[in-house]
Amino acid sequence: MTDQDYDILVIGGGNAALCAALTARERGASVLLLESAPREWRGGNSQHTRNLRCMHDAPQDVLTESYPEEEYWQDLKKVTGGVSDETLARLAIRDSSHCREWMRRHGVRFQPSLSGTLQLSRTNAFFLGGGKALLNAYYRSAEQLGVHIRYQAPVDRLELRNGRFIAACIGAERIEAGACVVASGGFESNREWMRETWGQIEGEWVADNFLIRGTRFNMGVLLKFLIEAGADAIGDPTQSHCVAIDARAPLYDGGICTRVDSVSLGIVVNKHAQRFYDEGEDFWPKRYAIWGRLVTYQPGQIAYSVIDAKAIGRFMPPVFPPLAAQSLPELARQLGLDAAALVRSVDEFNAACRVGCFDHATLDDCRTEGLALPKTHWARAIDTAPFYAYPLRPGITFTYLGVKVNQQAAVHFGGKPSPNLFAAGEIMAGNVLGKGYTAGVGMTIGTAFGRIAGTQAAAAVAARGAAHALP
Ligand SMILES: Cc1cc2nc3c(=O)[nH]c(=O)nc-3n(C[C@H](O)[C@H](O)[C@H](O)COP(=O)(O)OP(=O)(O)OC[C@H]3O[C@@H](n4cnc5c(N)ncnc54)[C@H](O)[C@@H]3O)c2cc1C
């Protein structure tokens with residue numbers, strides 16, 4: 001089969017793309033999947049994931065209790081502040097109640113929730129072996145079913161006629177197909193675009209100090225192309241999921257093990273050794289996703305989580321060991337901070353801590369009194385050597401700008417759905433997730449809309465009578 005003969009092109013190589021390719025192929029369509037990355041880097045941000053959030057009405061294999069549709073929707077509504085298309089959101093939520101059977105058929109295995117700082121055993125099903133194992137299973141299944149896969153195939157533009165897909169182009173090469181699913185992620189890896197979006201704060205290009213938690217291949221080329229070609233955009237370009245990660249993490253692909261979870265157990269200071277936010281405002285799972293943005297607004301986009309020996313063992317340690325010292329001035333020296341300023345900040349904090357009954361699992365009564373900037377829970381004096389610190393930078397997980405789709409995952413142009421161009425995953429997640437985040441919903445959206453897009457793309461080409469037998 002030549003590249004010109006395929007029914008469906010799927011652009012992207014992460015969860016949404018694979019879900020679309022597998023589903024379309026199961027319906028008899030011939031499918032070519034085009035992935036920007038080389039084989040060893042395939043899988044986009046999906047390779048870094050650990051779980052998906054699942055609706056269920058009773059305990060299931062790896063999920064405890066129940067998590068009904070309404071509660072899931074209310075959680076989503078709360079985190080997005082209502083910036084969510086309820087119809088599309090409920091579609092994804094309902095899909096999550098039965099997609100795992102299909103995932104298992106394609107080789108995905110689940111395990112109970114991992115212990116750690118994010119308690120998710122009721123709501124989230126964890127992938128055995130993580131996102132990498134999930135994708136390996138999907139790629140294996142896709143190959144067995146006869147999906148053709150091309151790596152190092154970055155599509156740079158599409159040929160469209162009145163919202164109808166005609167062909168995809170990679171440089172001078174042009175590949176026609178009856179339908180197309182775009183699942184090429186957000187634009188978080190595009191540092192130029194991030195720079196443009198974030199601009200300068202106090203003369204600094206803030207995005208230059210961002211680290212990208214996932215793949216380097218999500219450059220947003222097709223997202224930009226589609227919006228410029230008249231696709232309806234959705235979501236705020238300045239919104240991104242951004243967490244505080246270890247400043248020593250690599251620029252790309254640091255993944256989950258670079259996240260720093262010690263914040264609520266100590267204090268966080270900026271490069272002037274000043275505290276700037278209540279570290280104990282709420283449980284860490286509800287607060288971890290605001291700290292990237294908080295660090296973004298500090299000078300030089302750098303901060304330091306400072307803890308003492310009492311905190312060790314109470315949080316999941318990141319991959320890099322903390323800087324350690326027997327005294328605060330020595331710790332300040334290692335961090336390049338003004339020692340007197342750090343000692344002053346810690347002394348002020350220690351003096352304001354009121355003795356309570358420390359319990360990291362509840363919103364306890366250990367708080368500061370008399371500080372202009374309080375710490376409202378888990379406030380304990382930082383007084384027991386060794387002292388430790390983790391340097392923090394904003395770590396971008398994904399962006400929210402996307403293209404508008406309908407219930408069939410069809411891309412909208414001027415309010416009208418395309419007959420044969422569909423979108424799935426992060427490139428359309430903004431329809432459901434206008435802002436905010438709740439753990440595991442990225443994979444829920446990608447799995448649901450990947451499967452919808454694959455089904456619809458197959459239906460769009462079925463009219464051409466072009467079914468190719470499964471092996
Ligand atoms: C560290 C980390 C941990 C996460 N953990 C979780 C989690 O546990 N649960 C959860 O729900 N979500 C998690 N997320 C979010 C999750 O990764 C995304 O919601 C999800 O992976 C999006 O899937 P996708 O297929 O749309 O995008 P991606 O998986 O990013 O795939 C996009 C693909 O498109 C390809 N591509 C891009 N441009 C082109 C082009 N022009 N031509 C061809 N191919 C192109 C890329 O190479 C890539 O393969 C995490 C993200 C990160 C970074």
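**View 1. Residue classes in the shell around the ligand.** By class, the shell holds 18 nonpolar, 23 polar and four charged residues. Nonpolar here means Ala, Val, Leu, Ile, Met, Phe, Trp, Tyr, Cys and Pro; charged means Asp, Glu, Lys and Arg; the others, Gly among them, are polar. The model is predicted: local features need pLDDT of at least 70, side-chain atom pairs count only at pLDDT 80 or more, and totals for chains, interfaces and linings use all residues. Residues are numbered from 1 along each chain as its sequence is written. In total, 45 residues surround the ligand, each with its C-beta atom, placed from the backbone, within 6 Å of it. The closest are Gly14, Gly44, Gly214, Gly425 and Gly442.

**View 2. Helices and strands that supply the shell.** Helices (H or I, at least four residues) and strands (E, at least two) are DSSP runs, numbered from the N terminus. At least two shell residues come from each of helix H1 (15–26), strand E3 (51–53), helix H7 (221–228), strand E19 (387–399) and helix H12 (441–462). H12 gives the most, with four residues.

**View 3. H1 against H5.** H1 packs with helix H5 (residues 130–145) at an angle of about 30 degrees, and their axes are 10 Å apart. Axes are lines fitted to C-alpha atoms, for helices over the stretch in contact; angles run from 0 to 180 degrees between N-to-C directions. H1 is therefore roughly parallel to H5, a term for angles under 35 degrees. From H1, the contact uses Leu18, Ala21, Leu22 and Arg25. From H5 come Leu135, Tyr138, Tyr139, Ser141, Ala142 and Leu145. Contact means C-beta atoms, placed from the backbone, within 7 Å. These contact residues divide into eight nonpolar, one polar and one charged.

View 4. Six strands form an open sheet with mixed pairing, in the order E6-E2-E1-E10-E22-E21. Strands pair if DSSP finds at least two bridges between them. Strand E6 (148–150) and strand E21 (410–413) are the edges, each pairing on one side only. The twist averages 35 degrees from one strand to the next. Strand E10 (residues 179–182) runs parallel to strand E22 (residues 416–423), joined by three bridges. Cys180 stands opposite Leu421 in E22. H1 packs on this sheet and touches strand E1 (8–11), strand E2 (31–34) and E10. The direction of H1 makes about 170 degrees with that of E2.

**View 5. Two backbone details.** A cis peptide bond joins Ala385 and Pro386, with omega about -5 degrees. Pro386 sits in the loop between helix H11 (339–352) and E19. Gln152 is not a glycine, yet has a positive phi of about 50 degrees. Gln152 lies in the loop between E6 and strand E7 (157–161).

Technical notes:
Parallel < 35°, antiparallel > 145°, perpendicular 65-115°, else oblique. Contact = placed C-beta atoms within 7 Å.
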